[in-house]
Amino acid sequence: MTHSKPAGKPLTIQVREALQAVAEPARAPAMQAYMKSAMPYLGVPTVPRRAALKRVFAGLDWPDSAAWQADVLALWRGATHREERYAAIELSAVKAARRFQRIDALPMYEEMIVTGAWWDYVDEIAGHRLWAVLQNDRAAMRETMLAWSIDADIWKRRSAILCQLLAKSETDLELLYACIEPSIGSTEFFLRKAIGWALRQYAWTDPDEIARYVAVNEDRLSGLSKREALKNKGKRRGG
């Protein structure tokens with residue numbers, strides 16, 4: 001792996017040791033049970049995990065996107081505990097990697113989404129990393145998200161629906177509705193939930209438009225999607 005820290009332990013080992021140092025093993029079984037995870041946990045809560053990783057990742061830099069992706073994927077593929085995969089996701093978002101959030105990073109994110117195949121991984125990648133790529137390479141990313149929206153893999157579909165969660169007034173409504181359309185009649189919980197969540201997020205920006213969309217699609221949207229979409233009706237942001 002290529003990175004700017006002095007030669008020594010591989011980054012994967014540094015991450016593992018840092019996480020083990022702040023682990024609370026007694027927490028691990030409950031964390032694994034809650035997430036319904038086949039992969040075990042070390043027992044590291046979110047706050048100490050992020051603090052430990054911040055120290056490990058400080059000063060990292062890469063000469064190019066390929067080197068950065070190699071480090072992220074080494075962590076992801078080599079993970080023995082779930083927190084190590086969380087570390088890979090966090091590494092993908094460090095400041096030095098901002099310039100690499102482009103369409104050529106999408107195969108890496110696709111691998112993480114498809115092999116991760118659960119909401120704790122997928123939602124962070126879809127809601128944050130895919131949005132960054134969409135901002136930087138809109139035309140290519142838009143085409144790809146439309147393709148993902150009809151993919152057989154539900155997590156790629158969910159990702160396409162959620163890729164504009166942070167967009168606010170920059171939301172491409174045509175893209176949002178096009179990504180929802182193939183899954184609008186799905187009975188899959190994670191797709192129904194994603195539809196409602198994506199609509200609810202945009203409702204903070206334009207509640208009348210979401211109310212209109214829900215009304216027009218009253219007979220096609222699931223009850224869950226409708227409830228989620230309209231959950232913030234009449235509320236102020238943060239209410």
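First, the ground rules. The model is predicted, and local features need pLDDT of at least 70, side-chain atom pairs count only at pLDDT 80 or more, while totals for chains, interfaces and linings use all residues. Residues are numbered from 1 along each chain as its sequence is written, and side-chain values use heavy atoms, with hydrogens and water left out.

Now the overall form. The chain has 13 helices and zero strands. Helices here are DSSP runs of H or I, at least four residues, and strands are runs of E, at least two, numbered from the N terminus. The radius of gyration is 19 Å, close to the 18 Å that the globule rule gives for 239 residues, so the chain is as compact as a globular protein of that length. That radius is taken over C-alpha atoms, and the rule is 2.2 Å times the number of residues to the power 0.38. Along the principal axes, the C-alpha atoms fill a box of roughly 60 × 40 × 35 Å.

Buried residues make up 50% of the 239. Buried means under 20% relative accessible area, exposed over 50%, partly exposed in between, with a 1.4 Å probe and protein chains only. Of the contacts with a separation of 6 or more, 71% come from residues 24 or more positions apart. Contact means heavy atoms within 4.5 Å.

Next, the helix pair. How do α6 and α7 cross? The axes of α6, residues 106-116, and α7, residues 119-136, come within 10 Å and cross at roughly 165°. Axes are lines fitted to C-alpha atoms, for helices over the stretch in contact, and angles run from 0 to 180 degrees between N-to-C directions. The two helices are therefore roughly antiparallel, a label for angles over 145 degrees. On the α6 side, the contact is made by Leu 106, Tyr 109, Met 112, Ile 113 and Gly 116. On the α7 side, the residues include Tyr 121, Ile 125 and Arg 129.

Last, the loop. Pro 25 sits between α1 (11-21) and α2 (28-35). Pro 25 is exposed, at 59% relative accessible area. The C-alpha atoms of Pro 25 and Asp 123 are separated by 26 Å.

Definitions and conventions:
Angles under 35 degrees count as roughly parallel, over 145 as roughly antiparallel, 65 to 115 as roughly perpendicular and the rest as oblique.
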